[in-house]
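Please take some time with the sequence and the structure shown below, and keep both in view while reading. The paragraphs that follow move from bonds within chains to the places where chains meet.

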Amino acid sequence: MKRFTLWLSLLLVASSLHAQQPDPKDILRRMEDKSRGESAEMTMKMTVVRPRFTREMKMKSWSKGQQYSLVLLQEPVRDKGTVFLKRQKEIWNYVPSVDRMIKLPPSMMSQSWMGSDFSNDDLVRESSVINDYTHKILRSETKEGLDCWVIEMLPKAGSSVVYSKVVVWVSKADYYHLRTENYGDKGELVSTMVMSDIKKLGNRTLPSRMELTPMDKKGHKTIMVYEAAQFDVPISEGFFSVQNLKNIR
Amino acid sequence: MKKTTSKTAGLGFVFRLSWRNIWRNRGRSLSLMTAIFLGLVGGTIAMAMVTGMMEQRFFNAIEKQYSHVQLHTKSWLDEGQAGMAIPHGKQLLDSMAQLPAVRAAAARTLANGLIASPTLTQGVELRGVDASSENTLVKLSEQLIEGEYLGDTAAPELLIGKRLAQKLKVEVGSRLVISFANAAQEVVSGAFKVTGIFRTANAGFDQSTVYLHQHQLQALLGETDAVYELALRLNENDSVPALTAALQTAYPTMQVRSWRELAPELAYMQDSGSVVSYIFVIIILLGLSFGILNSMLMAVYERMRELGMLKALGMTKSRIFLMVMTETLTMALLAGLIGLLTGYGLVAWLGNTGIDLSGYAEALAAFGYDAVIYPALSWQYALNITLLVVVLSLLASLYPALKALKLNAADAIRS
Amino acid sequence: MLLFKLAWRNLWRSRKRSLITMSSVFFAVLLAVFAESVNRGSHEGMIRNSVSYFTGYLQLQDSAYMDEPSLDYCFAWDEQQEAAFAAVPGVKSLVPRVQGFVLAASNSKTRGAMVLGIDPAREEALNGLQSQLIAGNFESGGIVLADRLAERLGLALGDTVVLLGQGYQSQQAAGAYPVTGLVKPKLPELRKQSAYLLLSDAQTLFAAEGMVSSVLVMPHENASISQMQAKMQSLLSADGYVMVRNWEELLPELLAAIEFDNASNRIVLVILYIVIGFGIFGTVLTMTLERRKEFGVLVSVGMRRGRLALMTLYETLLLGGMGVIAGLLGSMPIVAWFYDHPVPLSAELGEMSENFGVDPFIYFSADPSIFLSQAGIVMGMCALVALYPVLYVKKLNVLQASRA
């Protein structure tokens, strides 16, 4: 009897230990599932902060998986009606004032998107958090009042990731993505993404504010605030077509 | 002084007198001859340095960058997009390499794309090369200033220019991602590591060129054995125009260009550089000539009494003329030719050992020159200058000699 | 003063001797000025070329613009400011520009292009842009494309081109323009990617109404660039963003190339100085030696050596001075003539140089500092050479001299 109890308690201890060291891949997978769905329709406000000025834009976006997304600009008035369409690896742009649909050539991919700290390339890049890196859990930390896994991701030899190291904070309880730090190969911090303001958007709860800060440019920042969102709404692939660019309102 | 009559004053006497006159006035003669000597030695060395530097620059540009002849498809030169490889490129390379006029040949795979570091993305030309044949053709490994040359063909190695490394804020060992569009207009990308950093004389090239293993680029492009550029280094500079024309006729769909079209500024420098240096040399020679002229003129006026006496003693005008001319000419030619020979000798010696300017290596490298300069002179130049010196000396000696004739014997003795 | 007068009279006593010495100085100055004029002239030509296309001799721009030429650094520019800056002494013309990189699209192709908003008349005066039109003209609301760019986009006169990009402060730049002209700029890079709009049209495109990215400043000939720069800087507010830059800051590579060229030309000039220095020395030497007897007599009669030496110094310096002045007067018309008539390069060289934007001429500079500097150097040589008779007198053996 005593031996059996010992054996059982050892088993319990072993299993609980195992529970304390989950597979980082698993954590990240759940994190991704949280912020993406099959499809989503969102309204957001983007603020571009620069040393000499600040610019605000309001936009509406539709997305289906990782392959398709469409962004419509609503404010400011000057840019109203501009549409960006991402189809797999292509980006198309429609500007009402010239009534033209233009595909962005590969050479423009590195240009900034809408003047923000994101590049066009950032929008299309499909580097998979799971497949392109090797992962390791570093420690636990508290962010936004929540206990988080701190996961270190090192890019695999062949993957087209510019950074030499990426560190991600994921909350333990709900797998919210709360922070990302990107590092260069000398170990220097290149940029930081901070997610905050966890709210209910549509039928999900997730961080509604994202702030991207490049480290090498003083006074530069891009802030994205999600104001409303609907997840898993049915959107057909045909919605994400070049022909549809004109019709979006 | 020997008593002579116009009938017995032989040429020999005149020449001996001239010679003695030169050495009687040692200070003046030596001063003049030193000036001529120094001027010519200095001028020769300066010209030789400039010529040597220009030759070096030309040589470096051909050896390390342009080669003699390059071939591309016309569409590649116009559009620069994937899928515009040279048809049957590999066979073409092999047949070109066999040509007797060709010393070395290499084929490169090219792509226009982007290179990204964590802080910056920049447009570049990607050059996929075969490490050993590239090195034979353009001595790429010698142009490295940091790191190592391409070695392991399986490793994702990159060579980037110093300028580019500075802009991207990376160093040897840094990770960079390159991306470009393939023939199907899809964006392909790959991560690479900086193995070495090079510096050429062309800062623009350093900023926009990246070397990688040829087969790796071909794999990314999805075009096996695709070759976009063929470059040839010939045995003789002179065979370039003929071969270029012949190749262009043989392959009308391609664009065959010689270094003249690839680097017009090089051609310009080759052709025009000498013009400016000749101007300077002529100015120096004019300076010398005026120096001779004035010195001799002064001498003539100072020796009026002596010349007057010679006249009174029966020396004919023509003999006096000849005497003064001979004096001037002897000094000029003696100093001039010794100066030239010394100059050529020094040039030949320095041409072997070289002039070490390593203190200015950086500044020189930026313009395409090496730290050690080898002066050189062409035979044509040497001949031209020698002729010029002789002619100018003759002309310079005429005027004082003419002046010597106009002396009035009586006035001269009296003064 | 007596010595001085004596010196002066001595010169004119032996007129021929003096004239010969003066003429050696005269030719020395002539040659030195000529050589330096060619040296500087080639540099001025190089500067002029780059400056008239790219930067102007001076340029008004935002302090951050040089490192990052973004439209975010446009600044306000109106008629009042223009008048104020145009009034600065030495300013010949002000050429405002707005420029930004955009995507240019025809129906079938897209290409990156550099759009410049310009004032055609002023650009013409600057670098002959209007004269380089090969079809059509600059018109309000229209766009003029560089020929190679138009080729690559497959566009001809009358077609429409759409421009898309980023404007001032991250605002979108988008517009459609009819092609009203085609231009063939001299520089190959410009032919591949330049597009021109009227300044006001470009300002609207980039959402930069009333603003410019830069104002190029071209001076009158021989105006002092540094003075102009200082004056213009004083017109700008000290804590504002706009500043005045000169071409040396904007084209450091050109500056380096010129300095390199200058250094190598200096070597040649030094040789020239040695040669003409010895030429002058030769005449002074002969003159001194011939006056041995005269010196001997003067000293034995009672003139102190020091005073005799001083007198010869005056003589040499006077001769040098007069020779230099004569040389300056003589060289000025020659240099002036070559300045107005630069030597054309041979036909082939000429064609070749035009291909990459360099004028096919050998230029001469008429900068007054050339005359002053060379005159100074030659005068310095004369002063050095003047030491010889001074020393000669000091060491003179009177007995031997008077017996000569």
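A disulfide, as the word is used here, is a pair of cysteine sulfur atoms within 2.5 Å. In this structure, which is a predicted model, there are zero disulfides over all chains. Cysteines can still be looked at one by one, and two of them show where such a side chain may lie in this model. A:Cys148 has a relative accessible area of 0%, and because buried means under 20%, this residue is buried. C:Cys382, with 2% relative accessibility, counts as buried as well.

One joins A:Glu211 to A:Lys221, with the closest N and O atoms 3.4 Å apart. A:Glu211 belongs to strand 12 (residues 204-214) of chain A and A:Lys221 to strand 13 (residues 221-231) of chain A, so this pair ties together parts that are ten residues apart in sequence. The two partners can also be placed by their accessibility: A:Glu211 counts as buried at 17%, whereas A:Lys221, at 27%, is partly exposed.

In chain C, the side chains of C:Arg13 and C:Glu294 meet in a salt bridge whose N to O distance is 3.3 Å. Because C:Arg13 lies in helix 1 (residues 2-13) of chain C and C:Glu294 in helix 11 (residues 292-301) of chain C, the bridge ties together parts that are 281 residues apart in sequence. C:Arg13 is exposed, with a relative accessible area of 58%, while C:Glu294 is partly exposed, with a value of 23%.

Chain C also has a salt bridge between C:Arg191 and C:Asp147, in which the closest N and O atoms are 2.8 Å apart. This pair links distant parts of the chain, 44 residues apart, with C:Arg191 in helix 6 (residues 188-193) of chain C and C:Asp147 in helix 5 (residues 147-153) of chain C. Both C:Arg191 and C:Asp147 are buried. In chain B, salt bridges that share partners bring B:Arg108, B:Glu125, B:Arg127, B:Glu134 and B:Glu229 into one network.

Leaving aside residues up to four places away in sequence, A:Ser191 touches A:Tyr163, A:Thr180, A:Glu181, A:Asn182, A:Leu212, A:Thr213, A:Pro214 and A:Met215.

We now turn to the places where chains meet. The size of an interface is often given as the accessible area lost when the parts come together. Between chain B and chain C, the buried area is about 3700 Å², of which carbon and sulfur atoms give 77%. On the side of chain B, the residues that lose the most area to chain C are B:Tyr268, B:Phe280 and B:Met298, which together account for 19% of what that side buries. The contact draws on 45 residues of chain B and 42 residues of chain C. Helix 2 (26-66), helix 3 (74-79), helix 11 (264-302) and helix 14 (361-366) of chain B each supply at least two residues of the side that touches chain C. Helix 11 of chain B gives the largest share of that side, with 23 residues. By class, the residues of this side divide into 24 nonpolar, 13 polar and eight charged.

Chain B also meets chain A, in a contact that takes 18 residues from chain B and 19 residues from chain A. About 1500 Å² is buried between these two chains, with 54% of it on carbon and sulfur atoms. In chain B, the residues losing the most area to chain A are B:Pro118, B:Arg175 and B:Val187, together 41% of what that side buries. Between chain B and chain A there are zero salt bridges, yet six residue pairs are in polar contact across this interface, both residues being at pLDDT 80 or more. Strand 2 (102-116), strand 6 (175-181) and strand 7 (187-198) of chain B are the elements that give two or more residues to the side of chain B touching chain A. Strand 7 of chain B contributes the largest share of that side, four residues. The side of chain B that touches chain A has seven nonpolar, eight polar and three charged residues.

Notes: Residues are numbered from 1 along each chain as its sequence is written. Chains are lettered from A and ligands numbered from 1 in the order in which they are written. This is a predicted model: local features need pLDDT of at least 70, side-chain atom pairs count only at pLDDT 80 or more; totals for chains, interfaces and linings use all residues. Side-chain values use heavy atoms; hydrogens and water are left out. Contact means heavy atoms within 4.5 Å. Buried area is the accessible area (1.4 Å probe) that two parts lose on being put together, summed over both. A salt bridge is a side-chain nitrogen of Lys or Arg within 4 Å of a carboxyl oxygen of Asp or Glu. A polar contact is a pair of N or O atoms within 3.5 Å; within protein, one must be able to donate a hydrogen and the other to accept it, and residues adjacent in sequence count only if both atoms are side-chain atoms. Ala, Val, Leu, Ile, Met, Phe, Trp, Tyr, Cys and Pro count as nonpolar, Asp, Glu, Lys and Arg as charged, and the others, Gly among them, as polar. Buried means under 20% relative accessible area, exposed over 50%, partly exposed in between (1.4 Å probe, protein chains only).
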